[in-house]
Structure formats: C-alpha cells, structure tokens
Amino acid sequence: MGIGTSIVLIAVGAILKWAVSATVSGISITTIGTILLVVGIIGLIISLLFLANVFGRRDTGRDTAVVRERYVDDRYVDGPPV
C-alpha cells in the first residue's frame, strides 16, 4: 500500500465516519469508516517508514570504494629481456 492509497483510505474513512448519516440494516457505516481510517493511518505510517529507509534498508554496496593498486615490476620497464 502506498502513500496515495493510504490517504484515499483515510479520506473515505473520515467521510463514512463523520459525513454520512444514512443507515444500512446489518452494518454500521461509522464502524466501517473507523476501520478504514485506522487501516489508512497504519498504511501511511508504514509507507513513510519505508520511504525513510527504516525497514527497507539494504546494503547495496554502492558506498564501498574499490581501490586497485598497479604493480609495476622494475625489471621490465624497458620491455622483457630478449
């Protein structure tokens, strides 16, 4: 779930909880709104933590510098012996 999906769930949950006054037999619209609000908030927190690399941290090796030294044999500076 991304940040956008979480924000949509929060918005729909808030609308169902506080703005809708209709009644449906068998289900409570305010309870569904509360559930969507909670799921949206949890999803937003988890998405932000992944974005901040708290849970998604991986060692990719990009920070590691490779240093190679070149060895030159002084005996063959002018070329190999003939």
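1. I3 is found in helix 1, where helices (H or I, at least four residues) and strands (E, at least two) are DSSP runs numbered from the N terminus. I3 is partly exposed, with a relative accessible area of 32%; buried means under 20%, exposed over 50%, and partly exposed in between, using a 1.4 Å probe and protein chains only.

2. A quick word on what we're looking at: this is a predicted model, in which local features need pLDDT of at least 70, side-chain atom pairs count only at pLDDT 80 or more, and totals for chains, interfaces and linings use all residues. Residues are numbered from 1 along each chain as its sequence is written, and side-chain values use heavy atoms, with hydrogens and water left out.

3. The overall layout is quick to tell: two helices and zero strands in the chain. Of its 82 residues, 10% count as buried. The accessible surface comes to about 7,100 Å², and 62% of that belongs to carbon and sulfur atoms; areas come from the Shrake-Rupley method with a 1.4 Å probe, and for residues only the protein chains shown count as cover. Take the contacts (heavy atoms within 4.5 Å) between residues at least 6 apart in sequence: 57% of them join residues at least 24 apart.

4. Together with I7, L48 and L51, I3 forms a nonpolar patch with about 370 Å² of accessible area. The elements that give two or more residues to this patch are helix 1 (3-19) and helix 2 (29-51). For the record, patches are made of residues with over 30% relative accessible area and no salt bridge, with like charges joined within 9 Å and nonpolar side chains (Val, Leu, Ile, Met, Phe, Trp, Tyr) within 5 Å. A salt bridge is a side-chain nitrogen of Lys or Arg within 4 Å of a carboxyl oxygen of Asp or Glu.

5. S6 is worth a click. This residue lies in helix 1 and is buried, at a relative accessible area of 0%. Its side chain reaches the backbone nitrogen of L44 at 3.2 Å. That is a polar contact, meaning a pair of N or O atoms within 3.5 Å; within protein, one must be able to donate a hydrogen and the other to accept it, and residues adjacent in sequence count only if both atoms are side-chain atoms. Leaving out residues up to four places away in sequence, S6 touches M1, G40, G43, L44 and S47.

6. What does helix 2 pack against with its buried residues? Helix 1 is the partner. The buried set in helix 2 is I29, G33, L37, G40, G43 and S47. The geometry of helix 2 checks out too: at 1.5 Å a residue, its 23 residues should span 33 Å, and the end C-alpha atoms are 32 Å apart, which agrees. The expected span here is 1.5 Å times one less than the number of residues. After helix 2 comes N53, with a positive phi near 65°.

7. G40 sits in helix 2 at 0% relative accessibility, so it counts as buried. Apart from neighbours within four places in sequence, G40 is in contact with S6, L9 and I10. G40 and M1 are 39 residues apart in sequence, yet 9.1 Å apart in space, C-alpha to C-alpha. S47, also placed in helix 2, counts as buried at 11% relative accessibility. With residues up to four places away not counted, S47 touches M1, G2, I3 and S6.

8. Last stop, A14, which lies in helix 1. Is A14 buried or partly exposed? At 22% relative accessibility, A14 counts as partly exposed. Beyond residues up to four places away in sequence, A14 touches A19 and L37.
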